[in-house]
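Here is a short report for a reader new to this structure. Please look over the model before reading on.

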Amino acid sequence: MIPLSAYVALSAILFMTGLLGVLIRRNFIIVLMSVEIMLNAANVNLVAFSHYLESMAGQLAALFVIAIAAGEAAVGLAIIIVVFRGKIATNVDQINLLKW
Amino acid sequence: MMYVLFGYFAVVSILSGVFTIALKNPVHCGLGLLSLLLHVAGLFVLLNAEFLFAVQIIVYAGAILVLYLFVLMLLNLKTEEQHLHKKYPFFLFAGVAILGELLIVTLQTPYGGAKGTASAEVVLQTGPSHAVGIMMFSDYLLLFEIVGVFLLGAIIGAIVLAKTPTPPTPKTDAAT
């Protein structure tokens with residue numbers, strides 16, 4: 001039996017990977033991909049606790065997280081297309097139109 | 001056997017995650033993300049979540065990732081020389097420090113709590129997908145409907161955003 005802390009540690013590592021991706025990458029699409037990594041880390045955590053505490057609630061929460069991720073990807077990529085069409089670069093540090 | 005499989009899925013998913021945020025070519029990053037999603041799906045099988053395994057592969061690897069790769073190839077991004085922020089060593093250091101603290105905390109915490117009713121034997125009598133479906137359409141019905149409305153809103157928003165405007169808009173060449 002694999003200890004639960006192994007899954008939680010794996011989830012923490014994956015989450016930090018995604019967070020670092022959001023912080024250090026310049027490409028907008030890669031930033032969105034890093035958000036997907038973070039959502040996956042949360043999913044691993046939820047399903048692991050669901051298995052070890054013998055409850056289905058964690059799996060249901062993970063399902064809804066996947067649905068939210070799908071919506072987020074659709075809207076985020078549409079925003080990227082709009083930004084790219086306006087001849088603004090796809091690097092997050094060059095998109096400063098709304099910056100005060 | 002469980003340990004070998006868990007080690008394989010864990011190590012490969014972490015490596016794929018690192019590749020996703022470290023590689024220069026965006027398409028390679030997308031393929032790294034694909035590998036990560038598939039190996040996380042393998043972890044779901046180890047955790048007796050067969051329905052989530054199928055959903056992860058069909059929705060994540062099949063739909064969301066194809067959307068990402070589609071947009072990547074539509075925009076035809078060039079591989080850039082400077083793909084990281086200028087101040088990335090600071091963020092890297094902060095991230096590794098926070099990760100170390102997180103690992104210390106997570107590995108020392110004694111986990112436990114009240115067990116639910118869905119033990120492995122109970123679930124395996126009718127099948128995991130059956131258990132998920134029964135719960136989703138009874139206890140979580142309102143949440144299910146809300147997610148449906150949310151997805152409708154996301155679809156409409158994406159279409160409205162990405163639709164070509166009918167009059168040719170004047171070029172907004174600010175912020176370049």
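A residue counts as partly exposed if the number of other C-beta atoms within 10 Å of its own falls between the limits for buried, 20 or more, and exposed, 12 or fewer. Glu54(A) has 17 C-beta neighbours inside 10 Å, so Glu54(A) is partly exposed. The model is predicted. Glu54(A) sits in the loop between H2 and H3 of chain A. Its phi is positive, about 55 degrees, although Glu54(A) is not a glycine. Most residues other than glycine have a negative phi.

Asn48(B) lies in the loop between H2 and H3 of chain B. Asn48(B) is not a glycine, yet has a positive phi of about 60 degrees. Asn48(B) counts as partly exposed because 18 C-beta neighbours lie inside 10 Å.

## Where the chains meet

How many residues of chain A are in contact with chain B? The contact involves 63 residues of chain A and 75 residues of chain B. On the chain A side, helix H1 (4-24), helix H2 (28-52) and helix H3 (57-85) each give two or more residues. H3(A) gives the most, with 20 residues. By class, this side of chain A has 43 nonpolar, 14 polar and six charged residues.

## The H2 pair

Two packed helices are described by the angle between their axes and the distance between the axes. H2(A) and H2(B) pack at an angle of about 5 degrees, with their axes 11 Å apart. Angles under 35 degrees count as roughly parallel. H2(A) and H2(B) are therefore roughly parallel to each other.

Which residues of H2(A) meet H2(B)? From H2(A) come Ile29(A), Ile30(A), Met33(A), Glu36(A), Ile37(A), Asn40(A), Val44(A) and Val47(A). Among their partners in H2(B) are Pro26(B), Cys29(B), Gly30(B), Leu33(B) and Phe44(B). The residues of this contact divide into 14 nonpolar, two polar and one charged.

## The H3 pair

The axes of H3(A) and H3(B) come within 11 Å and cross at roughly 5 degrees. These two helices are therefore roughly parallel to each other. On the H3(A) side, the residues that meet H3(B) include Gln59(A), Leu63(A), Ile66(A), Leu77(A) and Phe84(A). On the H3(B) side they include Leu52(B), Val55(B), Gln56(B), Tyr60(B) and Leu75(B). By class, the contact has 21 nonpolar, two polar and no charged residues.

Val55(B) gives a local view of this pair. Val55(B) lies in helix H3 (residues 50-75) of chain B. Is Val55(B) buried or exposed? Val55(B) has 21 other C-beta atoms within 10 Å, so this residue is buried. Leaving out residues up to four places away in sequence, Val55(B) touches Leu63(A) and Ile66(A). Ala41(B) is 14 residues from Val55(B) along the chain, and their C-alpha atoms are separated by 8.8 Å.

## The nonpolar core

The largest nonpolar core has 65 residues. Those with the most contacts inside it are Ile29(A), Val44(A), Val47(A) and Phe44(B). At least two residues of this core come from each of H1, H2 and H3 of chain A, and from each of helix H1 (2-22), helix H2 (26-46), H3 and helix H7 (141-162) of chain B. H2(A) gives the most, with 16 residues. Domain 1 (1-77) and domain 2 (119-164) of chain B each supply at least three residues.

## After H3 of chain A

Val92(A) is found in the segment after H3 of chain A. Val92(A) is partly exposed, because 15 C-beta neighbours lie inside 10 Å. Ile29(A) is 63 residues away along the chain, but the C-alpha atoms of Val92(A) and Ile29(A) are separated by 9.3 Å. Apart from neighbours within four places in sequence, Val92(A) is in contact with Arg26(A), Phe28(A) and Val31(A).

## Two domains in chain B

Chain B is divided into domain 1 (1-77) and domain 2 (119-164). Their centres, taken over C-alpha atoms, are separated by 21 Å. The contact takes four residues from domain 1 and five residues from domain 2. The domain 1 side has two nonpolar, one polar and one charged residues.

Key. Residues are numbered from 1 along each chain as its sequence is written. Chains are lettered from A and ligands numbered from 1 in the order in which they are written. This is a predicted model: local features need pLDDT of at least 70, side-chain atom pairs count only at pLDDT 80 or more; totals for chains, interfaces and linings use all residues. Two residues are in contact if their C-beta atoms, placed from the backbone, lie within 7 Å. Helices (H or I, at least four residues) and strands (E, at least two) are DSSP runs, numbered from the N terminus. Ala, Val, Leu, Ile, Met, Phe, Trp, Tyr, Cys and Pro count as nonpolar, Asp, Glu, Lys and Arg as charged, and the others, Gly among them, as polar. Domain bounds come from an automatic or database domain assignment. A nonpolar core is a set of buried Ala, Val, Leu, Ile, Met, Phe, Trp, Tyr and Cys residues joined through C-beta atoms within 7 Å. Axes are lines fitted to C-alpha atoms, for helices over the stretch in contact, and angles run from 0 to 180 degrees between N-to-C directions. Angles under 35 degrees count as roughly parallel, over 145 as roughly antiparallel, 65 to 115 as roughly perpendicular and the rest as oblique.
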